[in-house]
Amino acid sequence: MNESLLYPCINSCRDFHSLDGMWKMQFDPDSVGQKENWQDGLPSPFAFPVPASFADIFTDKEKRDYCGDFWYETRFHLDADTTRDVILRFGSITHRATIFVNGIKAGEHEGGFTPVVLDITPYVRFDNKNRISVLANNELNETSIPCGTTKILPDGRKLAAPYFDFFNYSGIQRSVLLIRVPKERLIDYDTDMELQGNDALVHYRVKKTGDHPITVEIYDKTLGLMARNTGEEGTLRVKDAELWEPENPHLYTIVFLIKDEHGFIDKFRADLGIRTFEARDGKLWLNGKPIFLKGFGKHEDFEIMGRTFSYPIAMRDFACMKWINANCFRTSHYPYAEEWYQLADSLGILIIDEVPAVGMMRSLMNFATAGTGGKETKFFCSDTVQQLQENHRRALEEMIVRDKNHPSVIAFSIYNEPETTYPEAREYFKPLFEYARSIDPQKRPLTGAQLINSTPNTCQCQDLCDFVSLNRYYGWYVMGGSEISVAEKLFRQEMDEWKETLHGRPLIFTEFGADTYSAEHKLPSVMWSQEYQRECYEMNFRVMDDYDFVQGELVWNFADFQTTEGIMRVNGNKKGIFTRNRQPKDAAYLLKKRWEKK
Ligand code: GCB
């Protein structure tokens, strides 16, 4: 990774403008675009919004489900400024892209959920019109994360066949910014914190270009300057530090200044939350105090928007989380748009940040396998594994580098429900855990969400986790409906086994729940009714409450969400506590009451 993933800011040294708006778009089903020089201008484009997930905007099914190469194009004008570099920054392009500026290839990127950042200074024509062209592709295979396959229909059309349970929303789904930064500049910084009595020690490191010294300052919005230091590495002491916590998400400002004899060369500022987070002694600890995680596995998902980031929708989601007394969510199953983390920092919501390592088993109905257990597909024994691991490693690096300074991010999740039951899986994951530990300056706890097959006796990877995370569907995929009492017994048996296996590590639930059709009521309950969702949660809570090593419950899912169509999904997954329109189902009131007291 060469370019800075810092979120852009505006001051006298840096600025940016948004390229969001209507772009040109064109599908390229035969992948002829590059040979035919579409980078010099699309031959027959249509107008299309950026950012947007392209699927649900179309009324035509083939377009909605389009899989393959697709192009975007826009133009911009830029005044000359030789003192600064020009950076082009896409919040993400799903799943891979090649970017051209004025017809010249400026870079490429694999992975659909982290920023694509390019220094395009050499390709820009100043005081002139410029063209940006993007060749994107949304095919799935066993080296892409998330994993899946691409079906070829008899007429040659490609169709995404995910090994995961969410719609393969694609496109330029996050904002595009054109940034100007000084030639000598801050590239990156990281912080980690130590509490000393009432004070906090903020250890920092910066990465910069050029030779001028850098000064780092911490400000409080009312108290002013709290600490200052000069140098690329050092410690700042914040006296009587006001710690960041859900009830009082206090944010300081950290400022980086590079100066020469004429004045400022670079300035950068960001929020800084001072907090520590640990997993030890059977508990999770925020600032040295035990904390129980209450909340959700989520998706970036909404009608028409697909996975496009939208402040109103994000704010509604946070409002619903606060209303229901939640304090945490997992970014299942990929890193979200950066604005989610900024909002969580300011609202005091904790995040388990997950890399898009999902679908690591060969199964198109992965959710059925996930719930009930299935045959091993020896996914990690195939010859694509090395490439997959490299893509996984890079995605982890980009996620940790991008998100490491958010106080809301308390842990990283390295996977969701891979096969973990044979030695090759361990060989695959062990170096990834080691890598993640080595690059996270705060050494946050690492975890991975375990499939039902991954039990204390079978899982070869659970000991890599600092706390264990379980996805369990007792009462849904396992013994649902009238058999729920059998599910409860099986659940207790499994929990007894975990008790012997954890050796002081806490355990949380990262998924449990039941599909529920919001229009359906039935007394006595049947599966899919609102009554059954409550009963299923009540049973699960009864079991969990009997095991003191359980330190978190993130229910599946925050809201109903779109999936690929199929016989097991009624226009999407309906396990939401809220509908797709963010209205509460009955079970929401059960959770609200429970979490008020927890
Ligand atoms: C799982 C998966 C999740 C699915 C869920 C379900 O285990 O991790 O992506 O959506 O089950 O509802 O089946």
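Helices (H or I, at least four residues) and strands (E, at least two) are DSSP runs, numbered from the N terminus. On that basis, proline 146 is placed in the loop between β9 (128–137) and β10 (148–152). The peptide bond from isoleucine 145 to proline 146 is cis, with omega near 5°.

This is a predicted model, in which local features need pLDDT of at least 70 and side-chain atom pairs count only at pLDDT 80 or more, while totals for chains, interfaces and linings use all residues. Residues are numbered from 1 along each chain as its sequence is written, and side-chain values use heavy atoms, with hydrogens and water left out.

**Backbone geometry**

Most residues other than glycine have a negative phi, and most peptide bonds are trans. A cis peptide bond also joins serine 332 and histidine 333, with omega about -10°; histidine 333 sits in the loop between β26 (328–330) and α3. Lysine 443 has a positive phi near 45° and belongs to the loop between α6 (423–439) and β29 (446–450). Arginine 582, with a positive phi near 65°, lies in the loop between β32 and α9. Arginine 582 is buried at a relative accessible area of 3%, where buried means under 20% relative accessible area, exposed over 50%, and partly exposed in between (1.4 Å probe, protein chains only).

Helix α3 (residues 338–347) has seven of its 10 residues buried, so it is largely enclosed by the rest of the structure. Among these buried residues are Trp340, Tyr341 and Leu343. Just after α3, glycine 348 takes a positive phi of about 80°.

**Ligand surroundings**

The ligand is surrounded by 15 residues, the closest being Asp165, His333, Glu417, Tyr477 and Lys575; a residue is counted here if one of its heavy atoms lies within 4 Å of the molecule. By class, this shell has six nonpolar, four polar and five charged residues. Ala, Val, Leu, Ile, Met, Phe, Trp, Tyr, Cys and Pro count as nonpolar, Asp, Glu, Lys and Arg as charged, and the others, Gly among them, as polar.

| Residue | Distance to a ligand oxygen atom |
|---|---|
| Glutamate 417 | 2.5 Å |
| Tryptophan 556 | 3.1 Å |
| Asparagine 573 | 2.8 Å |

Taken alone, the ligand exposes 320 Å², and the protein buries 100% of that (Shrake-Rupley method with a 1.4 Å probe; for residues, only the protein chains shown count as cover).

**Two buried polar residues**

Aspartate 560 is found in the loop between β32 (550–556) and α9 (586–597) and counts as buried at 6% relative accessibility. Its side chain forms a polar contact of 2.7 Å with the side chain of lysine 585. A polar contact is a pair of N or O atoms within 3.5 Å; within protein, one must be able to donate a hydrogen and the other to accept it, and residues adjacent in sequence count only if both atoms are side-chain atoms.

Asparagine 540 lies in helix α8 (residues 530–544) and is buried, with a relative accessible area of 0%. The side chain of asparagine 540 reaches the backbone oxygen of tyrosine 474 at 3.3 Å. Leaving out residues up to four places away in sequence, asparagine 540 touches Tyr474, Phe491 and Phe512, contact meaning heavy atoms within 4.5 Å.

**Cysteines**

The structure holds zero disulfides, a disulfide being a pair of cysteine sulfur atoms within 2.5 Å. For cysteine 320, the nearest cysteine sulfur, that of cysteine 328, is 17 Å away.
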